[in-house]
Amino acid sequence: MQTKTKDSLKQALKLGQSIWYDGLIGRAELERMIREDGLRGATTNPVIFEKALADGSYDAEVARLAREGKANDEIYKTLAVRAVQEVCDVFEPVHRQTAGQDGFVSIEVSPLLAYDTKATIEEAKELHKRVSRKNVMIKIPATTAGLAAIETVIAEGISVNVTLIFAVERHREVMESYLGGLEKCLDAGRSIKEVASVASFFVSRVDAAVDKLLESKIAATQDPAQKELFRTLLGKAAIANSKAAYSAFEETFAEERFHRMKAQGAQLQRPLWASTGTKNPAYSDV
């Protein structure tokens, strides 16, 4: 099974896809996965750090920072930044070898700022400065407030992982924020060659939501044909939604607007398929 997994990861690379790890693991294991499996990046979020803090790994460090009078938010941020710096350093060779196409590590702004554009911008800039690595991506949620922040942060030359995208229309708005940010970056006389972004489009959670609606319809109707129709749609919405999102991606980046910037070094804002583990045990894990 392990051999099959390795082969699958390498096959993904041949198809032009990159596998990113969602979570924190030891340096030795991370280096092995990069070397043997072709792992290309990593993402983190507050829940991942919560688990790391809960298992006691950082107890001594937390106690030391607390004795120094650091507030809880600052303790969390200090530890998260340090962890991301270490992972960025592990992926630095990947980032260099792929000419800035891969090897990124994401760190997320506080979820409490999701509806505050100004605060999101300030924290994104602060995290970028504190991590101080070329291959860090600041993760910003695709809320309405987040869209404005994304454009501003991209305009500052900061790479962004846009997270929590569920709808195709919102994905289009995210791509617009990215392109608008690149244009502003160029207008300010900055280079866009090292500005990268991914659009994290969530997959399986769409099935979880749509299946509940379908199941309620199945229970409510007495028509056998209708029941069967609704049953055939179970577990299908997520992949259909993702295909539509990919079509929107291809359409957007085929336009002249992007190609003008591509000539100046602009990168595609690649779709990142997030929430890829199926929530329903009855469905295939792929």
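**Entry 1**

I looked up the bridge partner of I107 and found I138 in β4. I also noted that V105 has V136 of β4 as its bridge partner. The model is a predicted one, in which local features need pLDDT of at least 70 and side-chain atom pairs count only at pLDDT 80 or more, while totals for chains, interfaces and linings use all residues. I number residues from 1 along each chain as its sequence is written, and side-chain values use heavy atoms, with hydrogens and water left out.

I recorded four bridges between β3 (residues 105-108) and β4 (residues 136-141), and these strands run parallel. I take strands as DSSP runs of E with at least two residues and helices as runs of H or I with at least four residues, both numbered from the N terminus. Two strands count as paired if DSSP finds at least two bridges between them.

I then followed the chain from β3 through α6 to β4 and found a right-handed β-α-β crossover (with the strands pointing away from the viewer, the path from the first strand over the helix to the second runs clockwise). Helix α6 (residues 117-131) packs on the sheet and touches β3 and β4, where contact means heavy atoms within 4.5 Å. The direction of α6 makes about 160° with that of β4; axes are lines fitted to C-alpha atoms, for helices over the stretch in contact, and angles run from 0 to 180 degrees between N-to-C directions.

I checked burial along β4: six of the six residues are buried, so β4 is largely enclosed by the rest of the structure. Buried means under 20% relative accessible area, exposed over 50%, and partly exposed in between, with a 1.4 Å probe and protein chains only. One side of β4 carries V136, I138 and I140, the other M137, K139 and P141, and both faces are covered.

On β5 (residues 160-165), I found four bridges to β4 in the parallel sense. P141 stands opposite T163 in β5. β4, helix α7 (residues 144-155) and β5 form a right-handed β-α-β unit.

**Entry 1: the whole sheet**

I traced an open sheet of seven strands in the order β1-β2-β3-β4-β5-β6-β7, with parallel pairing. β1 (20-22) and β7 (269-274) stand at the edges with a single partner strand each, so one side of each lacks a neighbour in the sheet. Neighbouring strands are turned by 25° against each other on average, direction ignored.

**Entry 2: α2 against α5**

I examined helix α2 (residues 27-37) and helix α5 (residues 72-97), which pack at an angle of about 20° with axes 11 Å apart. That makes α2 roughly parallel to α5 (angles under 35 degrees count as roughly parallel). The contact is made by R27, L30, E31 and I34 of α2 with E86, V87, V90, F91 and V94 of α5.

**Entry 3: positive phi**

Most residues other than glycine have a negative phi. I noted that A99 has a positive phi, near 55°. A99 lies in the loop between α5 and β3 and is exposed, with a relative accessible area of 63%. I found a positive phi of about 55° for S275 too. S275 is in the segment after β7 and is buried, with a relative accessible area of 15%.

How values were computed. Parallel < 35°, antiparallel > 145°, perpendicular 65-115°, else oblique.
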